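Thanks for letting me look at this one. Here are a few points to read alongside the model.

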Amino acid sequence: MAPAARIVGVKPVQIGIIGDYDPEYAMHRATNAALEAAGRGLDAGVDYEWVTTDSIAPPDDPRRLTRFDGLWAAPGGPYRSLDGALTSIRFARERDIPFVGT
Amino acid sequence: MLGLPDAAHAEYGADPETALITPAACVIPDDAAGARLTGKQRVRLTPGSLSARVYESTEIAAEFHCRNELNRRYQVLFERSDLRVVGVGDEGEARIVELAGGRFFIATLFLPQMAVLEDEPIPLIDAFVGAALNASRAKT
């Protein structure tokens, strides 16, 4: 589902989706599809990766989230780790990473 | 963030009376694996907010599909923090919050991404990806 046209040499934007992906959930599939649609609309490459909440809870280091240009806290509670979800939201806020939670 | 000592979420076992996030009072459509959503709720946006600029409107129809909402007894706390309630439903219930200060930090209590299933535009997600794109360009 790569966007049809990309500017050669421009790195795709990296989006981290905080949540516990379940392909059975329409809202999770829609989250991916919405990012792909946004990429097409902006004529930009969008790479996204789901980050499970229990992989960013203490003592795990949230600094691995710095590789993302934007963070999206996905729906679908309860999260496996509420702590992990809150850690990532705080990280986005403190590092001024564009954030959306839906 | 809000100065609330024990912010909690009823879905994680907190008392729904005092939890910050509580079960939604409105009727929620079935959400079992991909069930079709029914109905949209009107959300009024604060003029001049980032969200209103993103939507280019002060009123949107939102797919509300969440079992939880902000406990109204704490909504007032937001007015003293840099988080702002900028989108409300017909009963004044919080539906969108954002950070003051021009940063792209928006949370909704509805699911804007579901519009993709109808092939409708999603201004919030387009703006989010656009902000991320700008952030990525600023890095290099």
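**Notes on a helix contact and a buried threonine**

1. Helices here are DSSP runs of H or I, at least four residues, numbered from the N terminus.

2. Before going further, please note that this is a predicted model, with local features needing pLDDT of at least 70 and side-chain atom pairs pLDDT 80 or more, while totals for chains, interfaces and linings use all residues. Residues are numbered from 1 along each chain as its sequence is written, chains are lettered from A and ligands numbered from 1 in the order written, and side-chain values use heavy atoms, without hydrogens and water.

3. Helix α1 (residues 26-42) of chain A packs against helix α3 (residues 123-139) of chain B at about 70°, with axes 9 Å apart; the axes are lines fitted to C-alpha atoms over the stretch in contact, and angles run from 0 to 180 degrees between N-to-C directions. The two are therefore roughly perpendicular (65 to 115 degrees).

4. Who touches whom (heavy atoms within 4.5 Å)? A34(A), L35(A), A38(A) and L42(A) of α1(A) meet I125(B), D126(B), F128(B), V129(B) and G130(B) of α3(B).

5. Over in helix α2 (residues 82-95) of chain A sits T87(A), which counts as buried at 11% relative accessibility. Beyond its neighbours within four places in sequence, T87(A) contacts I56(A), P58(A) and P62(A).

Conventions. Parallel < 35°, antiparallel > 145°, perpendicular 65-115°, else oblique. Contact = heavy atoms within 4.5 Å. Buried < 20%, exposed > 50% of the residue type's maximum accessible area, 1.4 Å probe, protein only.
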